[in-house]
Amino acid sequence: MNLLVPLPVILPLFAAGLNLMLHRRQVAQRVVSTLTLATVVLLAAVLLVLADREGPQVMWIGAWPEPLGISLVADRVSALMLLVSATVTLAVMVFSIGQGMTSEDTGTPMSIYHPTFLVLVAGVANAFLAGDLFNLFVSFEILLFASYVLLTLGGTGPRIRAGTIYVVVNMLSSMLFLASVAAVYAATGSLNLAQLSQRLGDLPEPVALVLQLMLLVTFAIKAAVFPLSFWLPDSYPTAPTPVTAVFAGLLTKVGVYAILRTQSLLFPDSPLQGLLLGAALLTMIVGILGAVAQSDLKRMLSFTLVSHIGYMVFGIGLATVAGFSGAIYYVVHHITIQTSLFLVLGLIERRAGSSSLLRLGGLARLAPLLGVLFFVPAMNLAGIPPMSGFLGKVGLIEAGLEVGTPLAYALVGGGVLTSLLTLYAVAKAWNLAFWRTPEQAHEMVLSLRSARDGGARDLYERLEARDLPTRLPYSMTTSTAALIAVSLGLTLAAGPLYGYTERAAEDLKARVVYVEAVLPGGSR
Amino acid sequence: MTANLTLIIVAATSVGGGVYLMLERSLTRVLIGLVMLSNGVNLMLLVASGPAGRAPLSKLAAPEEMSDPLPQALILTAIVITLGTTAFILAMAHRNWELNGHDDVQDDVEDRTVRRLAAEDVPSDTYDLTQRGEFTADDEQTVSVPPELPDPVGSDRRDEDS
């Protein structure tokens, strides 16, 4: 029993309500949101230490007798996810405050933004802490609902178009989730994950296989695993930058976490590991080929996001301690890096008025600091040593070689190839947006028939017209820089962090730790 | 456990009809499809609770005679969630109608671009960028501007929106 466990969910929800009441006072809203998120970071850090020292922290809501109520569990994996997601959301919140203060963008009503963002945070925290399948469903719904609102903020044409597809796809996957919940309950009579981990083993194999497939498809849609990933690159880029950043960092990772949890706890001797590995390979390759073909930075990053989900699924599919450990480290790395890249993109858009590679050029001279801020996370994403992207990939590749099946070797090869192609994609973006002069970009765009419709001006024309802001708000740059510093810190702290993820992976593999903590009497 | 065949058939029909409607273009039909789908799934949950029994109130019935209350609680939660989503999708369909005069689900921007470029037989921007994008310092070529072509799909290529 630990009263701290539900606080990361409750606090943001209360703050969301408070923010709704404060909708006329922007300053008060900012203070409430920032303070709440900072508190959640602290709470998550405390939970992490507790979970590491004393084992999983469990809280049964409503004081029902033990297997009956709703349990919230913070074990090593959950606590780590919670800490990383809280840090990232805090950075994004500070960033969006900076963005809102200086822009006259009426398409983003900030009074709605704050409460919805906090509800999203609560949903994500609840998903990481959920100890039963239905609570996981509810937390998915909480975060999805907040994401529907955030994605269609302002209700402009492109956002409504992208939002329609996003909402329908996610509703469909939610219905599939609910159907799996019904099927699991019909087969076992329980929804508590700890209880399920004991009961699912007794089921006949075909029944367990159907349940596993249903859950896997549900979570694969949320995590954007190929071939269920097509909704993502279309919907994410249209949202306001901070929203895209937090979606890209967190929402798909919640799906990955759900796959990790169900695969390790519920279906340990899964016959579907080959399927997972195949899906991981295709996700990596197809995703990165999509990224190479894009000319808009936001779309390009959305495709690299899909592609790098493949790495995490690779680790989960290996189902060894090393695989899980690599996957957890990679999730931590990828949440911070993908979010900071999208934040940098927000800075580029603010400074240069566009995120399209057709219209950008000469940013390295125009804004050298921006160059550094883009270059570091971009190289980190591609996996240049000694940064965390490299360490994460090495961990996964070692885990793959250790397993040593032909499929694992294929994935190791695919992982290396994806890393190279990521480097190619970001290097191309760097060359075009930062290295060439705006005049060259302007000449190029004039020669391209496809780029001249739409009527948007390119950077050269904007520079001529002098309608660009010359400096960026401090809260935007410092929050981005802080997040990049955190991602670099993952390199410095790689030793202890890998030790932690290894212990977390051993817990996942052993299963006893989790089950014992939730149901001390071992009730079935 | 025993299952109710009627309920299963109704659930299956409703899920089937829902999936069929979701394949339509109009968002209103998609919405009705979603509602049917969710009703079907809720019935599945009811099937999962086993045979119907008496109200699960202590002292009014013996535990063996009670129906399982948990799936009913789950169904109630699911209904509330579907209600919220339905309202949201309706609002979105209305907004779509306000903006475009219809509520059809539109294609992916990239799909449309690819189709248009294929119809015009023009290489994509990325191809051009890779072929000609990296100018060198002494590269003084003058690029001729090709004549204006009508755009068959409309100028929806870029969502200029931040």
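Axes here are lines fitted to C-alpha atoms, for helices over the stretch in contact, and angles run from 0 to 180 degrees between N-to-C directions. This is a predicted model, in which local features need pLDDT of at least 70, side-chain atom pairs count only at pLDDT 80 or more, and totals for chains, interfaces and linings use all residues. Residues are numbered from 1 along each chain as its sequence is written, while chains are lettered from A and ligands numbered from 1 in the order in which they are written.

**View 1. Helices α12(A) and α13(A) pack at an angle of about 170 degrees.** Their axes are 8 Å apart. Helices (H or I, at least four residues) and strands (E, at least two) are DSSP runs, numbered from the N terminus. The angle makes α12(A) roughly antiparallel to α13(A). Angles under 35 degrees count as roughly parallel, over 145 as roughly antiparallel, 65 to 115 as roughly perpendicular and the rest as oblique. From α12(A), the contact takes in residues including L301(A), L305(A), H308(A) and Y311(A). From α13(A) come, among them, F324(A), Y330(A), H334(A) and L341(A). Two residues are in contact if their C-beta atoms, placed from the backbone, lie within 7 Å. By class, the contact of α12(A) with α13(A) has 14 nonpolar, six polar and one charged residues. Ala, Val, Leu, Ile, Met, Phe, Trp, Tyr, Cys and Pro count as nonpolar, Asp, Glu, Lys and Arg as charged, and the others, Gly among them, as polar.

**View 2. A319(A) sits in the loop between α12 (297-318) and α13 (321-352) of chain A.** A319(A) is not a glycine, yet its phi is positive, about 60 degrees. Most residues other than glycine have a negative phi, and most peptide bonds are trans.

**View 3. Two peptide bonds of chain A are shown here, starting with the cis bond from F226(A) to P227(A).** Omega of this bond is near 0 degrees. P227(A) belongs to the loop between α8 (205-223) and α9 (231-235) of chain A. The bond from P385(A) to P386(A) is also cis, with omega near 5 degrees. P386(A) lies in the loop between α15 (368-382) and α16 (388-403) of chain A.

**View 4. Helix α5 (residues 133-151) of chain A packs with helix α10 (residues 241-266) of chain A.** The angle is about 160 degrees, and the axes are 12 Å apart. That makes α5(A) roughly antiparallel to α10(A). L136(A), L143(A), S147(A), L150(A) and L151(A) in α5(A) meet V243(A), F247(A), L251(A), V254(A) and A258(A) in α10(A). This contact of α5(A) with α10(A) has nine nonpolar, one polar and no charged residues.

**View 5. Domain 1 (1-129) and domain 2 (270-518) divide chain A.** These bounds come from an automatic or database domain assignment. The C-alpha centres of the two domains lie 25 Å apart. Across the boundary, 23 residues of domain 1 of chain A are in contact with 24 residues of domain 2 of chain A. On the domain 1 side, β2 (70-74) and α3 (76-102) of chain A each supply at least two residues. α3(A) gives the most, with 16 residues. By class, this side of domain 1 has 13 nonpolar, seven polar and three charged residues.

**View 6. In chain B, helix α1 (residues 5-22) crosses helix α2 (residues 27-48) at roughly 155 degrees.** Their axes come within 7 Å. α1(B) and α2(B) are therefore roughly antiparallel to each other. The residues of this contact divide into 18 nonpolar, six polar and one charged.

**View 7. Chain B averages a pLDDT of 76.** pLDDT is the predictor's confidence in each residue, from 0 to 100. In chain B, 74% of the residues score at least 70. Among the elements of chain B, α1(B) has the highest mean pLDDT (91), and helix α5 (residues 125-132) of chain B the lowest (60). Over residues 133-162 of chain B, pLDDT stays under 50. The model has 39 contacts beyond four places in sequence for residues 133-162 of chain B. For the complex, the predictor gives an ipTM of 0.85 and a pTM of 0.88.
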